[in-house]
Amino acid sequence: MSDTTTQPGVMSGSKAATALARKRDEFRYLRLATTVIVTLMVLTPILALVYGSFRTAAPGAPGEWTLRNYWALFSPGVVRTMGITLAVGLLTSALCIVIGTIITLIVHRTDFRYGKAVTMMVGLAFYFPSFILAMAWIIIGAPGGIWNVVLGTWLGLEWLRIDVYSLAGIVFVMVLHQVPFVYLTMRGPIMGMDGIYEEAARVAGAPPRRVLFKVTLPLLSFSLLSSFILTFIITIEQFAIPALLGIPAQVNMLATQLYLLVRFSPTDYGLAAAIGIALSVITGAAIWAQRRVTHSGRLTTVTGKTSRLNPIRLGRWHWLATLFCFGFIALGLVAPMLMLIYTSLIKWFNANPMQAAYTFQHYAAIFSSGSTMRSFSNTLIVSGVGAAFGVMLGLLTSYFTVRSTATRSRYLDFIATLPFGVPGIVLGLGLLWAYAYLPLPLYGTLTLIIVSFVTRYLPYATETIGGQMVQVDKSLEEAAWVSGATKAQGVRRILLPLVAPSIQGAYFLMFMAFFREISSAILLYTGATAVISISIWAFFEQANWGLASALSVIATLIIFVAMALITALYPAARRK
Amino acid sequence: MSIQVQNLCKAYGALTVVPDVSFDVHEGEFISLLGPSGCGKTTTLRCIAGLEESSGGVIRIGDKVVSDPARGISVPSHGRDIGMVFQSYAIWPHMTVAENVAFPLRTRNAPKARIAEQVDRALSAVELAHLRDRYPSELSGGQQQRVALARAIVGRPSILLFDEPLSNLDAKLRESTRTEIRRIQKQLNVPSLYVTHDQEEALSMSDRVIVMDKGQIQQIGTPQELYRAPVNRFVADFVGKASFVDVVREGSGAWRTPDGTVLPGTLHSPEGTAHQLMLRPESLLLDPQHVASDNISVPGRVLSAQYLGAVTEYLVQALGGEVRVHSPIDLGTDQVVGLSFRSGDCRIVAR
């Protein structure tokens with residue numbers, strides 16, 4: 001019972017135990033493989049980008065080391081772009097927060113009658129691809145678009161003319177695209193709020209409006225701030241909307257300027273890389289700020305155990321709430337969708353549906369075109385196989401980070417989170433640069449597309465699966481071990497069944513994301529590896545609105561059907 | 001079968017949680033590891049289960065060495081043939097009661113007929129046969145606890161381990177479950193180690209109790225030994241209620257309290273420089289008439305009273321200190337009383 005004599009024994013004993021643990025770790029090689037693969041996938045494009053930002057020449061070409069690219073960041077043109085990027089980001093996020101929170105409050109905190117319908121439609125709008133939305137709004141709001149033809153030319157209301165090719169147009173379509181995201185992030189906090197605070201205010205004599213502004217919203221302020229920052233990040237990362245709406249008007253954001261520098265002459269890969277780094281630094285800083293907000297502990301007013309909240313009575317304002325919600329859905333989902341269907345069914349563009357020549361030729365063309373059909377099969381391979389690979393990698397990463405406290409697991413966690421801070425087009429540029437140098441025969445293959453998509457969306461998988469895995473008490477696995485199960489059996493028989501819903505969820509999320517993804521593929525695709533999003537993009541760039549619309553309609557239908565299917569098949573209530 | 005722990009040591013980096021612990025659990029014996037939270041009792045249990053890698057020392061289950069880091073031996077949990085009941089029960093929510101209980105047999109590839117038979121037997125032992133097809137979420141806390149027990153015993157393990165299995169149950173259920181655990185353990189006649197911080201649980205269930213504090217074993221003994229003859233102040237205080245009064249040893253060998261009362265030198269005298277007199281509240285007699293008797297008798301004054309039902313717990317100023325006394329008599333505060341006790345009921349402990 002004396003503890004003084006055992007000190008040397010402690011030292012040698014613990015060393016021996018570490019050696020032992022290493023020897024006995026069943027998953028040692030799997031862990032090593034996971035770490036190596038994730039590290040290679042994530043660090044390759046980032047390091048290539050950093051390398052490229054210090055080079056004078058394009059990837060593959062002989063060049064020299066230079067700081068010129070970073071000095072160029074301060075040229076008036078790039079500074080202007082940066083200003084526009086921040087302005088669009090802040091303005092869009094502010095509008096999204098207001099509109100999204102109002103919709104969430106109407107749906108979940110009032111006696112609004114159409115909550116279910118709005119929830120469903122906003123869910124559909126969330127999965128509506130941004131480049132398709134932007135295209136539809138070009139058909140509506142371009143100088144020769146339907147809006148201007150009908151209101152300006154036919155009705156003579158010249159002052160109502162709009163031009164979607166503008167800064168305002170970018171913000172408008174961005175808001176339409178991003179509001180569903182705000183709704184989805186605010187829904188949890190608003191529904192999970194402990195009603196006791198509002199009850200206390202009401203008992204203290206505060207009328208409903210005062211309760212809303214003095215208690216409810218202040219309590220949500222940290223969730224609102226977190227949602228605001230996240231919206232800001234996905235806005236400044238957004239590529240398709242500013243590319244389609246901004247480039248014709250020469251209103252550039254960082255993402256589009258990067259694209260222009262790489263795709264159109266005079267090309268400047270070095271400056272593009274430096275811009276990519278600058279953009280990543282901004283998103284990285286924003287993510288850091290958002291983490292600070294969520295980890296500050298001030299979100300704890302949201303307890304998750306809801307005492308029944310009293311719905312706010314809308315009374316005679318019900319019509320206004322209805323108008324607001326369905327107005328948004330009309331602008332963000334229904335009108336663009338109808339417009340695409342209309343455009344896909346007419347021979348050439350005509351603003352007057354009465355005089356249009358209707359045809360199925362665009363759909364027929366799609367199904368008879370070998371390259372388009374190949375982009376379909378490419379998309380299915382990339383989404384189906386890629387998502388499976390991504391989920392597998394996410395599962396392994398989560399297991400090794402959640403189920404271990406070792407330093408090496410913190411490293412893995414950090415690496416796997418990095419892609420959050422790298423916008424898609426920047427990742428694409430990094431991979432382009434990397435595979436121009438690396439002697440791997442990956443350039444121009446679907447594998448490279450899959451690698452870029454999986455890298456970009458790996459955090460989706462680790463957050464979803466890891467989030468559920470931490471809730472599975474470790475003693476459940478330990479109970480299996482003492483019952484005679486090996487570690488591998490414990491994972492297969494206990495852990496996997498218990499996190500199965502999150503694995504399905506992560507697969508669904510990744511599949512959908514891959515299906516819609518364009519920004520990280522736009523710099524990497526070749527004729528043989530085009531995916532549907534790229535095909536639509538190409539048709540639209542050739543001003544072939546009919547084909548672009550027809551393909552968009554088909555892609556959107558596939559997305560909506562897949563969503564409906566998975567929602568139906570998804571095990572709604574796990575036994576727990 | 002038995003469990004043998006020799007010089008077990010467990011360190012996390014520079015932090016040594018259990019420096020050096022040795023004890024045996026004999027064939028069929030039920031031993032409790034008792035101590036406050038953070039005393040290393042759970043760590044010790046988890047080392048025996050193989051859920052933690054020990055840093056030093058030897059653990060044997062039966063004749064088999066299952067852990068000896070110095071020789072590079074560490075049998076993983078699934079090779080140790082143990083049954084364990086977890087504090088959180090850890091029954092698997094995606095399996096029915098019967099599937100949960102069958103798991104240890106299935107992982108060991110037992111024949112189907114034997115699985116069915118043994119699952120039936122284990123479930124009837126805990127009286128859960130009628131709930132075999134339910135899912136854990138449909139069971140009460142007590143029923144979940146019994147599923148965990150059935151799962152621990154179904155494979156006829158060589159040893160049984162319990163990690164505070166009753167701490168999530170309400171008081172009534174806890175008492176009946178204690179008896180049940182002990183009954184089943186006796187039937188199986190398997191050495192069992194039971195971790196708890198509840199002294200009542202440890203005293204009522206165990207053949208022997210190991211009291212731990214700060215990673216060290218303080219005393220190993222039968223419940224009676226621990227209660228009546230604690231080796232130090234920690235054990236005396238942790239096991240049961242007790243009052244302590246400072247005493248000093250006189251040249252004659254007798255003990256003297258601060259108020260000058262002299263106790264016979266025949267009392268057990270432990271090592272150490274400072275000593276205290278330990279008195280259990282039920283071994284003191286209160287007499288308002290202040291009548292002397294054969295016992296050691298001292299005057300006292302009631303400071304406060306707490307009515308507990310069967311008895312009232314009084315805090316009495318006496319012997320130059322404060323003493324807790326249980327008595328059925330009703331007294332008021334500030335009342336002067338006589339306090340008497342047999343010298344055989346008091347004990348000197350090191351401070």
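Me: In which strand is Ile31(B) found?

Reply: The model is a predicted one. In it, Ile31(B) belongs to strand β3 of chain B, residues 30-34.

Me: Why is Ile31(B) called buried?

Reply: The cut-off for buried is under 20% relative accessible area. Ile31(B) has a relative accessible area of 0%, so Ile31(B) is buried.

Me: Which residues does Ile31(B) touch, not counting residues up to four places away in sequence?

Reply: With those left out, Ile31(B) touches Asp24(B), Val25(B), Ser192(B), Leu193(B), Tyr194(B), Arg208(B) and Ile210(B). As for Ile220(B), 189 residues separate it from Ile31(B) in sequence, while the C-alpha to C-alpha distance is 9.6 Å.

Me: Why does Ser502(A) count as buried?

Reply: Ser502(A) has 5% relative accessibility, and the limit is under 20%. Ser502(A) therefore counts as buried. Ser502(A) sits in helix α22 of chain A. Leaving out residues up to four places away in sequence, Ser502(A) touches Thr464(A), Ile465(A) and Gln468(A).

Me: What makes helix α13 of chain A largely enclosed by the rest of the structure?

Reply: Helix α13 of chain A covers residues 254-263, and eight of its ten residues are buried, so α13(A) is largely enclosed. The buried residues are Leu254(A), Ala255(A), Thr256(A), Gln257(A), Leu258(A), Tyr259(A), Leu261(A) and Val262(A). Their cover includes α4, α11, α12, α14, α19 and α23 of chain A.

Me: Which residues have the most contacts inside the largest nonpolar core?

Reply: They are Leu429(A) and Trp537(A), in a core of 215 residues. Helix α22 of chain A, residues 487-516, gives the most to this core, with 13 residues. Apart from the 215-residue core lies another core, of 35 residues, including Val85(B), Ala125(B), Ala150(B) and Met205(B).

Me: Which residues is Leu429(A) in contact with, leaving aside its neighbours within four places in sequence?

Reply: Leu429(A) is in contact with Leu49(A), Leu258(A), Val262(A), Tyr269(A), Ala272(A), Ala273(A) and Leu523(A).

Me: Why are α8(A) and α11(A) called roughly antiparallel?

Reply: Helix α8 of chain A (residues 167-191) and helix α11 of chain A (residues 221-237) pack at an angle of about 150°, with axes 10 Å apart. Angles over 145 degrees count as roughly antiparallel, and α8(A) and α11(A) are therefore described that way. The crossing of α8(A) past α11(A) is right-handed.

Me: Which residues meet where α8(A) meets α11(A)?

Reply: From α8(A) come Met174(A), Gln178(A), Phe181(A), Val182(A), Thr185(A), Met186(A) and Pro189(A). From α11(A) come Ser223(A), Leu224(A), Ser227(A), Leu230(A), Thr231(A), Ile234(A) and Thr235(A). The residues of this contact are eight nonpolar, six polar and no charged.

Me: Which residues of α5(A) and α8(A) make the contact?

Reply: On α5(A) they are Thr119(A), Val122(A), Ala125(A) and Phe126(A). On α8(A) they are Pro180(A), Phe181(A), Tyr183(A), Leu184(A) and Arg187(A). The contact of α5(A) with α8(A) has seven nonpolar residues, one polar and one charged.

Methods: Residues numbered from 1 in each chain as written. Chains lettered and ligands numbered in written order. Predicted model: local features only at pLDDT ≥ 70, side-chain atom pairs only at ≥ 80, totals over all residues. Heavy atoms only, no water. Axes fitted to C-alpha atoms, helices over the stretch in contact; angles between N-to-C directions. Helix = DSSP H or I, 4+ residues; strand = E, 2+ residues; numbered from the N terminus. Parallel < 35°, antiparallel > 145°, perpendicular 65-115°, else oblique. Left-handed = near helix turned anticlockwise from the far one by under 90°. Contact = heavy atoms within 4.5 Å. Nonpolar A, V, L, I, M, F, W, Y, C, P; charged D, E, K, R; others polar. Buried < 20%, exposed > 50% of the residue type's maximum accessible area, 1.4 Å probe, protein only. Core = buried A, V, L, I, M, F, W, Y, C linked by side-chain atoms within 4.5 Å.
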